[in-house]
Structures are given as C-alpha cells and as structure tokens.
There are 2 protein chains.
Amino acid sequence: MSVATTGHDYLSMAIEIATTNVRNAGGPFGAVVVAPDGRTFEGVNRVTANNDPTAHAEVVAIRTAAQELGTFNLSGCVLYSSCEPCPMCLASSLWARIDRVVFAADRHDAAAAGFDDAVFYDYFEPESDRKLMPVERAGDGEERLKPFKVWDSLETRTDY
Amino acid sequence: MSVATTGHDYLSMAIEIATTNVRNAGGPFGAVVVAPDGRTFEGVNRVTANNDPTAHAEVVAIRTAAQELGTFNLSGCVLYSSCEPCPMCLASSLWARIDRVVFAADRHDAAAAGFDDAVFYDYFEPESDRKLMPVERAGDGEERLKPFKVWDSLETRTDY
C-alpha cells in the first residue's frame, strides 16, 4: 500500500480496508487512526467474525493505536472512518481523546446498505423514553460508594 | 464468591469486583452481564492498566460475555454496573442487544470521586457544537459506497 500523506489518502485507506474486510468475512467498515508523527493504525469491523459487538472499525483502530503507542490517551491523533461513526464509536473516540474525526459515507448511505443506526442515535436524544433498553438505578445505599472510597485512599492510582 | 441470584446480589458483585480492581491497578468500576440461564460474566475497568481507552467495566463484561457465549447478540442478558454507564457503555450495550441496565452509583457520585463524564453526555445533546471533538464529512465521491457495494454482492455475508 502506498504511503498516505493527506486526509483524502487516509480516507481512501479506510475505504480500501473496509472493502477488503468484506471479502474476509467482516462488515463493510474500515477506520484508520493517524498519529501526529504520521504512523497509522487500522481497524475493520469484526463484530460477527469475532463475536464482539463492540468491534466496530473505529473501536478496533483506537484499541490498536493505544496498544501500539503504549498509551490510553490518543491526543493529537485523527480518526478517519469509511462511514459516519455511531454513538459508540464517537464516545470511544472522546474517551481516547481523539482530536478530530473525518468520515466518508454518512449514516444515510449506511442505512441504504442495511445498516441503520437511527434508533441508536434516537436513544441519546433528550426526549428518548429509553424503552429500547431501560436503564435504572438501584442500590442507593452506602455500599455503592465503596469502590470510590478505596480509590480515594490509594496512593498509587493512575488518574485519568 | 457466593452464587448471586437476585438483582441486588448482582449489583453487589459488580461493586465487589470494582473494589478489588482498584487494589489491582484498575479503575473503581465493575460490571456483570447476567445471561438468561444465570451465567455471569464479569468486567472491570482496565483503561490505564491495559492502555485501552475502551476498557470500561461494562464494555469488558459485554466482550467477555459475547466471547464465552459465542454470539455477538446478548438479547435476554441484563447488565449490572457499579456505576451509571457512560454514553460509550450505553451504546455498546445497545449494539450488544442487552435487555436492561441496572447501576448503583450515579454520575454525580462518580463526579464527586473525580470521574466526571458530563462533557461526554453534553456532547450528545442536540445543541452540542461538538467543538470538543469536531466530526466532519469528506470524500463524498462514489468511492465512499464501494464497501457497501461489495457487501451487497456477497452471498456469504452475516447480516446483523
């Protein structure tokens, strides 16, 4: 593969590995994390192939980049994705401190291909009744604070 | 560990493994996926320990459950978490088709302990300017549809 040096090239890389992934029993999605020094870390959708519902291309690329760079903080990195990232991938990118996200196909292109995330986007809307997946609080006793209390008392913790 | 049989017991399990995880160089978060047959799959926060920004307790529990159960679809499962799930964990649960989520400590408890996800919740609000992490579309040429076209032509694909 030729060396990608522009945003357009990185996006083409993401589209190319997405296409190859389909022929390799994966979903039609690819992503590339580009580090400030130009190193690239690829990810492709392996949800069905690996029985991992979180293995979207963007998440895989982020996990790979973090492993290879030896840090959980990808500040300065840019994420290129063949398709508009779903809320899981956006939130994963936020946690990874990714600087910026660039995508090619959008959610409507994906829906037309049978990948409709609309109910997931809707779930995060303020007016969502969250019936799709109810989230409830329970156990409001003091026990709930135990992990934080131990954390707070620990000298050797890694804050993040 | 005693066999958990009620929702309260599963929540206590999640809190217990969160506490143990702090003493094992992890973050103060634990989660348990409970399958319809009562099998449990644990996850703890390993973000800093494993250099994986996506390794929140809930995501780890979901990935483990999916691996062990041999499916990317966790319909019928309930997720118990020691703390209110962030948007990444909620979206991961949605993709995993988790039935229901139950948590103990809430986002305010977490913020008081130094784990404030407020900016991430805000990011998903409709009025968010997304300045925290800009997301832009590029490359609207036909190339963007190539992965979907190959996907559509494939006989052996696994739809999901």
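Biologist: Is His56(B) buried or exposed?

Modeller: First, a caution: this is a predicted model, where local features need pLDDT of at least 70, side-chain atom pairs count only at pLDDT 80 or more, and totals for chains, interfaces and linings use all residues. Residues are numbered from 1 along each chain as its sequence is written, chains are lettered from A and ligands numbered from 1 in the order in which they are written, and side-chain values use heavy atoms, with hydrogens and water left out. Buried means under 20% relative accessible area, exposed over 50%, and partly exposed in between (1.4 Å probe, protein chains only). The relative accessible area of His56(B) is 7%, so His56(B) is buried.

Biologist: Where is His56(B) found, and which residue of chain A is it in contact with?

Modeller: His56(B) is found in the loop between H2 and H3 of chain B. Helices (H or I, at least four residues) and strands (E, at least two) are DSSP runs, numbered from the N terminus. Contact means heavy atoms within 4.5 Å. Leaving aside neighbours within four places in sequence, the contacts of His56(B) include Asn45(B), Cys89(B) and, from chain A, Trp95(A).

Biologist: Which residue of chain A is Asn45(B) in contact with?

Modeller: Asn45(B) is found in the loop between E2 and H2 of chain B. Its relative accessible area is 2%, so Asn45(B) is buried. Leaving aside neighbours within four places in sequence, its contacts include Phe29(B), His56(B) and, from chain A, Tyr160(A).

Biologist: Which residues of H3(B) are buried?

Modeller: Start with the helix itself. The expected span of a helix is 1.5 Å times one less than its number of residues. For the 13 residues of H3(B) that gives 18 Å, which agrees with end C-alpha atoms 18 Å apart. The buried residues of H3(B) are Ala57(B), Glu58(B), Val59(B), Ala61(B), Ile62(B), Ala65(B) and Ala66(B).

Biologist: What do the buried residues of H3(B) pack against?

Modeller: Just after H3(B), Gly70(B) takes a positive phi of about 70°. The buried residues of H3(B) pack against parts of chain B: strand E1 (30-34), strand E2 (40-44), strand E3 (78-83) and helix H4 (87-95).

Biologist: Which residue forms a salt bridge with Arg63(B)?

Modeller: A salt bridge is a side-chain nitrogen of Lys or Arg within 4 Å of a carboxyl oxygen of Asp or Glu. Over all chains, 16 salt bridges are found. Arg63(B) has a relative accessible area of 24%, so Arg63(B) is partly exposed. With closest N and O atoms 2.8 Å apart, its partner is Asp52(A).

Biologist: How far apart are the closest N and O atoms of Arg63(A) and Asp52(B)?

Modeller: Arg63(A) lies in helix H3 of chain A and Asp52(B) in the loop between helix H2 (47-50) and H3 of chain B, so the pair joins two chains. Asp52(B) is buried, with a relative accessible area of 5%. Arg63(A) and Asp52(B) form a salt bridge, and their closest N and O atoms are apart by 2.8 Å.

Biologist: What is the bridge partner of Ala31(A) in E2(A)?

Modeller: Two strands pair if DSSP finds at least two bridges between them. Strand E1 (residues 30-34) and strand E2 (residues 40-44) of chain A run antiparallel, joined by five bridges. They form a hairpin with five residues between them, and Gly38(A) in the turn has a positive phi of about 95°. In E2(A), the partner of Ala31(A) is Gly43(A).

Biologist: Which residues have the most contacts inside the largest nonpolar core?

Modeller: A nonpolar core is a set of buried Ala, Val, Leu, Ile, Met, Phe, Trp, Tyr and Cys residues joined through side-chain atoms within 4.5 Å. Not counting residues up to four places away in sequence, Ile98(A) touches residues including Val33(A), Leu74(A) and Met133(B). The largest core has 74 residues, and those with the most contacts inside it are Val33(A), Ile98(A), Val33(B) and Ile98(B).
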